[in-house]
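User: Could you walk me through reading some backbone and helix features?
Analyst: Happy to; let's look at the model together.

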Amino acid sequence: MNCIDTDILILGIGSAGFGAVYRALAGGAHVIAVEQCPGPGGTSTYGGVNNWEPGISLPGLHTEIARRLMASGDGFVAKTTAYVSADTRWAVSDRCGDPYESTLARFGLQPDAFRRFHYEPDAMAQVMNDLMAEADPGGHLSLYYNSRFVSLTTDSRTITACTVQTPNGVMTIRPRLVIDCTADIAAARMAGCAYAIGEDAAADFGETAAPAAPTSRLNGITQSFRITHTIETITQIPEQYRDVDLSDWEAHMESSDSPVSCFDVYPRGGICVNMLPTAEGELYLRHSYDELRHICEARAFSYMRWLARRYGLTGWQITHLFPLLGLRETYRLRGEYVLTIDDLHRGCPKGAAARHPIAVADHPADTHGQGSQGCQDTGRYTIPYECLLPREIDNLLVACRGASFSHLAASSARLSRTMLQLGEAAGTAAARSLASGVLPRDLPYSRLAELDSVNL
């Protein structure tokens, strides 16, 4: 078994993990990054979430990513060109001529003014790889794709080693610092950090909008897929999905709250279909990942067949089912500060955390699935550094949708560009922590303030 020492180990190279890798390298650290997919981007590339929703985001890597994608013809600014109605169960988002900066706001705008950024997923992954390579002129980065985090060991409050399964065998990594960007906070949970899953009770954080008692309800799950116009229409479910009982699903489609979809046009042709939702979030707790994905893929074919029969959407075929499910929510850290829905309305956290902003956002609290209240406007708000800090482990940062958010706050803060901001802040903080010889939680305010100018 190989054993390697490194400054920083980054687990997961989705939007947050990519930002963490780039900023840690820029800070002079030696980095090992591990990702289960064949490339970077996570849900943004392999999950079919191939657009950035409108939302505030201060300067950072997203601007350079967008510039490169637009220059190559693999990205464009889009607006809604058709809305859900009694005659259609989908909204269409397509190209417009507005500048990228028009996508950087949502709160206070009318829906007609919303602007998104669409992109080709393969091109996004390539841009991310290119940027990481450019940030690493000294060869300080080791990337392990098609690899997964297996286990870790701790000594008191420190992660001392992590085991990773790579295509070439098992490897042990001894990091000085770890950044958990796995989305379901696999390392933080294994290290014994406190976490939550499901809806919080109102009394947990004083959220009057939360239920009186905690529930297992999770934000809805989406199986995204790409469709292309053809002369054929889906009339039969593929043979490999005949074992899935679709009777309840098909009855649901005929109901008054049948699924709606976002149809996002791709720069290179075809449409990304994002069903809202394909499955209730609680199914994550009742099925293995492979079982859940199989169910969702069957529902995707059933949905397209239903659209053709019920609404006349003929001549379209599913040409690509994205391999990652769109999981909006699973496990969430309970860290040094838990961001709440009240913080979102207030605009910033309470107490000392209000002085340590590392990201800004303005997306509504947005849940999907049974019992959902839909989009609930909050306002422009900041996310504090303390949301990345577990209470139990000193050399660990958590930067992903599973950072220290309440269920309601997570339904807003989970978007890709916000995650990119969290990752950039975590990578910068980790590198500066090592350079200054202090723990991430002990970085002085003057050093934290520098994160604003670097990442925000």
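Analyst: Helices (H or I, at least four residues) and strands (E, at least two) are DSSP runs, numbered from the N terminus. This is a predicted model, where local features need pLDDT of at least 70, side-chain atom pairs count only at pLDDT 80 or more, and totals for chains, interfaces and linings use all residues. Residues are numbered from 1 along each chain as its sequence is written, and side-chain values use heavy atoms, leaving out hydrogens and water.

User: Where does Ala183 lie, and what is its phi?
Analyst: Most residues other than glycine have a negative phi, and most peptide bonds are trans. Ala183, although not a glycine, has a positive phi of about 75°. Ala183 sits in the loop between β10 (169-180) and α5 (186-190).

User: Is Ala183 buried or exposed?
Analyst: Buried means under 20% relative accessible area, exposed over 50%, and partly exposed in between (1.4 Å probe, protein chains only). Ala183 has 18% relative accessibility, so it counts as buried.

User: What about Ser156?
Analyst: Ser156 also is not a glycine, and its phi is positive, about 60°. The loop between β8 (148-155) and β9 (158-166) holds Ser156, which is exposed at a relative accessible area of 65%.

User: Which peptide bond is cis?
Analyst: The bond from Leu276 to Pro277 is cis, with omega near -20°. Pro277 is in the loop between β15 (271-276) and α8 (283-286).

User: How many residues of α12 are buried?
Analyst: In α12, 19 of the 21 residues are buried, so the helix is largely enclosed by the rest of the structure. Just after α12, Gly437 takes a positive phi of about 70°.
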